[in-house]
Each structure stands twice: as C-alpha cells, then as structure tokens.
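Welcome! Take a moment to look over the chain below, and then we can walk through it together.

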Amino acid sequence: MGSFFRLLIIAASAMVLLAGCAKPRGVVQPTQEEQVEQLDTETIKVESYTLKPQAAFPGSTIEISVEYLLRLPKNKSLVEVTEVRTLIMGTDRMELSRKKIIRAEGSHKSMIKFTLPMDIEKGDYTIQTILSTPTQTKTIEDTLTIKKKGK
C-alpha cells in the first residue's frame, strides 16, 4: 500500500512539472488587473532599464537599454511603438535616437549605443527615454555625469 501512494505522489509530481512545461517560454501571463486593462487599450510596463556607465568622460561610449512588456487589446495584434532617447542639460536637448517600430504583444528589449562628443561640457545630464504607443507614454529619466580627464 505504501509503494502505491509513493507511485501516486511521483505521478502527480510529474503531471505538475509537465503542466508547468506546457506554457510557451517567454510568454508572461497577464495579472487579472492587466487583463482588465488589456480589454480596451494597449499598455506598456517597463521591466528593466540600464545606463552604462553612469559617469563618463568625453569620447566615451554610452549604452542605454530598456526592457518593456507590451499588452494589446484583444482586437489588436500589432501596435506602433516610438522609442526616443534624449540627452538633456538645462534647457539644451539633443535627440540621440528616434525609432518607430511595429511590435506584437510581449516582452521587448531596445538598446542604443552612442559616443559622447569630445567637446561636451562636464556636469550632470539627464538621459530621457520615452516609449509611446498611440494611447500611452512611459518616460524614464536617469542622470549621466560627464567628468573631465585629470579632474
């Protein structure tokens, strides 16, 4: 009788493991709140953001990376997403990149690299990343410190 229960537990454990494997990899199931939102409009959820390095010298290469989750209404399979990166110092703005891309629902990663001009002034700059669809905009801001060599 004991071996029967052990066999039953092993079989049940295997079914749980197999059920977990049945989900397609890379697909994040929406929460109940996200499912409600999903009915009528697209949503953007920023999952991660990196700015490397956060302190640099003129001529350095900077990398900005953002991962985001895009949810679409049931009646849409694709949406145009605009990704804009801007370097801001006071009232001066320099657009680093602007990309319009058609995206499907799911997780997406977007990364750019750029080289700082040799004549950039030292100080704290704001790096602004804007992700937008026709109905939603997400803005991420981070600080980039420019140092002068030898100081």
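Ile88 stands opposite Arg93 in S5. This spot belongs to the pairing of strand S4 (residues 78-89) with S5, which is antiparallel and runs over twelve bridges. Two strands count as paired when DSSP finds at least two bridges between them. Helices (H or I, at least four residues) and strands (E, at least two) are DSSP runs, numbered from the N terminus.

This is a predicted model, where local features need pLDDT of at least 70, side-chain atom pairs count only at pLDDT 80 or more, and totals for chains, interfaces and linings use all residues. Residues are numbered from 1 along each chain as its sequence is written, and side-chain values use heavy atoms, with hydrogens and water left out.

Both S4 and S5 sit in an open sheet of five strands, ordered S2-S8-S7-S4-S5 with mixed pairing. Strand S2 (55-56) and strand S5 (92-104) are at the edges with a single partner strand each, so one side of each has no neighbour in the sheet. The whole chain has two helices and eight strands.

The largest nonpolar core has 23 residues, and Ile62, Ile64, Leu116, Ile127 and Leu144 have the most contacts inside it. Such a core is a set of buried Ala, Val, Leu, Ile, Met, Phe, Trp, Tyr and Cys residues joined through side-chain atoms within 4.5 Å. Strand S3 gives the most to this core, with five residues. Ile127 touches, among others, Tyr49, Ile64, Phe114 and Leu144, leaving out residues up to four places away in sequence; a contact means heavy atoms within 4.5 Å.

What about charged pairs? A search of the whole structure finds six salt bridges, each a side-chain nitrogen of Lys or Arg within 4 Å of a carboxyl oxygen of Asp or Glu. Three of them are listed here.

| Pair | Closest N to O |
|---|---|
| Glu63 and Lys113 | 3.8 Å |
| Glu105 and Arg71 | 3.3 Å |

How covered are the partners? Buried means under 20% relative accessible area, exposed over 50%, and partly exposed in between (1.4 Å probe, protein chains only). Glu83 is buried at 0%, and Arg103 is buried at 11%. Salt bridges with shared partners join Glu83, Lys99 and Arg103 into one network. Lys113, by contrast, is exposed at 55%, while Glu63 is partly exposed at 24%.
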